[in-house]
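Work through the exercises below with the sequence and the structure at hand. Each task is followed by a solution in steps.

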Amino acid sequence: SDKARAPLPPPPRLLPSSCLVIALEVYLVAVYSCLCVALYGGVPDSGFNSLSEAFVSLFALSTTVNNPDVWLQFYGQSRWNALVFVSFLVLSLYFVHNLVLSCIFKEFGKCMTGPIAARRACRRDALRLAFA
């Protein structure tokens, strides 16, 4: 309904402060893509033969869509290969994604202080008029 959607801030108001953190996430995926292409580029059907394939594979890995599929074949070759993927998962999941969510939540809180204060003032005025 319109009453439920009215107090929500439009998404473009939430984006400016989150753009830097989202750019940090893209940068992290790009750096690890370069690293994975350098390390695993010669392996056929690995998803790391080109920079674009590596970027898509690691971005999907950062959302845990295909978590074991991306790095399981490399883990089978050597357990040390897990360091690359585990460090990427720790940085992307537990650090960068939490930063993105906290920035969006902070901006959402800033956008909501005005409508909430106006609603409280309107409620106070209504109660004062009702019982005066």
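**Exercise 1.** Find the residues that Phe88 touches, leaving out those up to four places away in sequence.

Solution. Contact means heavy atoms within 4.5 Å. With that cut-off, Phe88 touches Leu28, Val29, Tyr32, Leu58, Leu61 and Ser62.

Before going on, note that this is a predicted model, in which local features need pLDDT of at least 70, side-chain atom pairs count only at pLDDT 80 or more, and totals for chains, interfaces and linings use all residues. Residues are numbered from 1 along each chain as its sequence is written, and side-chain values use heavy atoms, with hydrogens and water left out.

**Exercise 2.** State which members of the largest nonpolar core touch the most other members.

Solution. A nonpolar core is a set of buried Ala, Val, Leu, Ile, Met, Phe, Trp, Tyr and Cys residues joined through side-chain atoms within 4.5 Å; buried means under 20% relative accessible area, with a 1.4 Å probe and protein chains only. This core has 18 residues, and Cys36, Tyr40, Phe48, Leu58, Leu61, Phe85 and Phe88 touch the most other members. Helices are DSSP runs (H or I, at least four residues), numbered from the N terminus. Helix 5 gives the most to this core, six residues.

**Exercise 3.** Describe the aromatic pair of Tyr40 and Phe85.

Solution. Rings pair if their centres lie within 6.5 Å, and planes under 30 degrees apart count as stacked. Tyr40 and Phe85 are stacked, at 5.6 Å centre to centre and 15° between the planes. Tyr40 lies in helix 2 and Phe85 in helix 5, so the pair ties together parts 45 residues apart in sequence.

Definitions and conventions: Buried < 20%, exposed > 50% of the residue type's maximum accessible area, 1.4 Å probe, protein only. Helix = DSSP H or I, 4+ residues; strand = E, 2+ residues; numbered from the N terminus. Phe/Tyr/Trp six-rings, centres within 6.5 Å; stacked < 30°, edge-to-face > 60°.
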